[in-house]
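Colleague: I am new to looking at protein models, and I would like to learn how to read one with care. Could we go through the features together?

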Amino acid sequence: MSAITERGAVPGHFAEPTLGTKLRRLIANPWGHPRGLVIITWLYVVISIVPVVVAIQFSFNAGRSVTAWQGFDLTKWYFGDPAYSVWADPRLQHAFWQSMKLAGLDMVIATPLGVMLAIGLARWRGALASASNFIMLFPLVTPELMMGVSLFLVFLYIFKFIQPGTTAQVLGHVTFSLSYVVVIVRGRLFSIGKSYEEAAADLGATPWESLRLVLLPLLLPAVFSSLMMVFAISIDDFVISQWLSCGSACDTVPIRVYSSTRGAPLPSVNALAALMVYMTLSAIGIAWLVMRFSNRGERKAEGARGGMVQTMGGFDM
Amino acid sequence: MSGGEIELINLNKLFGPMRAVDNISLHIPGGEFFSMLGSSGCGKTTTLRMIAGFEQPSSGHIVLDGVDMTETPPHKRHVNTVFQNYALFPHLNVFDNVAFGLRRQRETPDNVNRRVGEALELVQLTGFEKRKPSQMSGGQQQRVALARALVLKPAVLLLDEPLGALDARLRKQLQVELKTLQQQVGITFVYVTHDQEEALTMSDRIAVMSNGRIEQVAPPEEIYEAPATVFVADFLGVSNLMDAVASGADNVGRCKVKVGSFEFYAGRGSADISGSTKVTIRPERVRLEAKGTSGENRIPGVVQRWVYLGNAVQLIIGLATGAKIQALVQNTGEEIPYDEGSDVTVHLPATALRVLTDTGVPLASAAN
């Protein structure tokens, strides 16, 4: 009777697992919890979030430093300080509302346009269709600085009737948000398929009725994801907003944060940025609740797409 | 709503260079249960979609009750479809699904309620109005799809393999229900399937299709007993096809054929054939006799395999010519005296042996 090695199997007694084996089973067990991957993922999440948490933490700083922690003060930089808090400082407030204005207009303009574009591109066949497809993807792959500069030049030389300012900023935002909307909506269109529209036509619905009563209700999750996506992209944008800016009256939050670091930054800037984070989190929270509520009745398609993350991640280039 | 008579005239459909439907002409009288049978890619679904209006023919005409529909968009045609995956609107409940078509016709709410109730009763789903499609089984969803199409009282109902996604037992049950429904409602059904048993069970007439063409159109008995081409013989059931050389008719109207070195008389099919051809016989008509039995149309063989089917026994027999045929012996409770490996004499009765042409070109007996 001989001992069993790890690889061989000979009737006998089993050998004690080596340290290497035990370690492997702990981390990379093919049948158990993928601990190794989980560890790496959590490390990544922590590294990504820690800077944001620190920045928000400093918005509650009792003193005026953005680098040295001087105690906890909940409301000083939000609305406590009579001169420099977000509530008191008109420039910070203006930046906040400018960001909100741009994001709101962007959402309202880019989403419907993008949905129509996605539906049209999905139906269109032929050489011109693939060309349009390609062009539509350009903003996604173009470096932001190039987009910013080219938009600036366009408004300077071609569309001279539009001065750099809020209008130009909105148009710039809409231009590159469109691509994101199209990509999201197209993914959803693809998974919906054409059978429902055919069924609607078969039952006597005109193309417009079929769109209104069947396709758009089914597209609602994607439309919602697009709204959230456009919002997030818009309030985050720096380069394009700056290139199309008219000066400090058109400053958005990213621009204000950036320019304040040139001088003596106060934690009120952190407070302003933190407010944006809170808004984004609430938007995502609302989107999640709406998706949960609306997806309850829908049957899981092949591939079981569920949850907002999967739907938003269902890009189709 | 009259007739439900469909006529397809020289229909062609090309997808790029690929000819999916090749010059099909059909006449379907009103009230008939008509099936299109064939394997994947034979063009049956494309033909159905052209009748529904989802595809436009490359050339040819589609005429419904005397009116040319070829240029009419699908939402204006008086035909309705039951899809393979049902295509029930997931965001609407059963009632709204069934009421959808009625509301497009601007029916009054009272009428809508009444007719939806009637349709659901027809498919035995009363009480399911508030349910969503995702909360129902496959069979129930299929019935909702049926109700949704039938409530509009179309002239013709098109069914695209509607039972494909169901398990065998449910399928058999629904086959009977569909046939009963069709006879009850009296409208024309055009049914697409690749399942020959389904087609044989339910249809008034079957069109067997292959490569975009129609091989044969006939009632089920004729398709099974008198297949016009090699393809049809092979597609339905087991055909036991064997190569043979024909040498004209004998004095009682049977065709003399030689399979290998053995002489046979084929009582079915055209007798006046000579040259290379094929013969076919259904497995249930093959007779097995003790080794050494002599007589007409007999050939020695060896039982190679025994397959127990429950209601019958399938025997694979190797003939002295080298060919292999299948015999089907009903389970009557009597013991079958031939085991695997034993020698038998195979009798292919002349009344059951059919001769076909080799090239697959339909014979004169093929109906339209």
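Predicted model: local features only at pLDDT ≥ 70, side-chain atom pairs only at ≥ 80, totals over all residues.

Colleague: How many helices and strands does chain A have?

Modeller: Chain A has 13 helices and zero strands, and when the elements are read from the N terminus on, they accordingly run α-α-α-α-α-α-α-α-α-α-α-α-α.

Colleague: What percentage of the residues in chain A is buried?

Modeller: A residue is called buried if 20 or more other C-beta atoms lie within 10 Å of its own, and in chain A, with its 317 residues, the buried ones make up 30%. If we look at the contacts in chain A between residues at least 6 apart in sequence, 68% of them join residues that are at least 24 apart.

Colleague: How many residues does the contact take from chain A and from chain B?

Modeller: In general, the size of an interface is often given as the accessible area lost when the parts come together. Here we can count residues instead, and the contact takes 17 residues from chain A and 21 residues from chain B.

Colleague: Which helix of chain A gives the largest share of the side that touches chain B?

Modeller: Helix H8 (195-202) and helix H9 (207-236) of chain A each supply at least two residues of that side, and the largest share, six residues, comes from H8(A). Sorted by class, the side of chain A that touches chain B has eight nonpolar, four polar and five charged residues.

Colleague: Where do the domains of chain B lie?

Modeller: The domain assignment of chain B gives domain 1 (6-231) and domain 2 (239-357), and the centres of these two domains of chain B, taken over C-alpha atoms, are separated by 39 Å.

Conventions
Residues numbered from 1 in each chain as written. Chains lettered and ligands numbered in written order. Helix = DSSP H or I, 4+ residues; strand = E, 2+ residues; numbered from the N terminus. Buried ≥ 20, exposed ≤ 12 C-beta atoms within 10 Å, placed from the backbone. Contact = placed C-beta atoms within 7 Å. Nonpolar A, V, L, I, M, F, W, Y, C, P; charged D, E, K, R; others polar. Domains from an automatic or database assignment.
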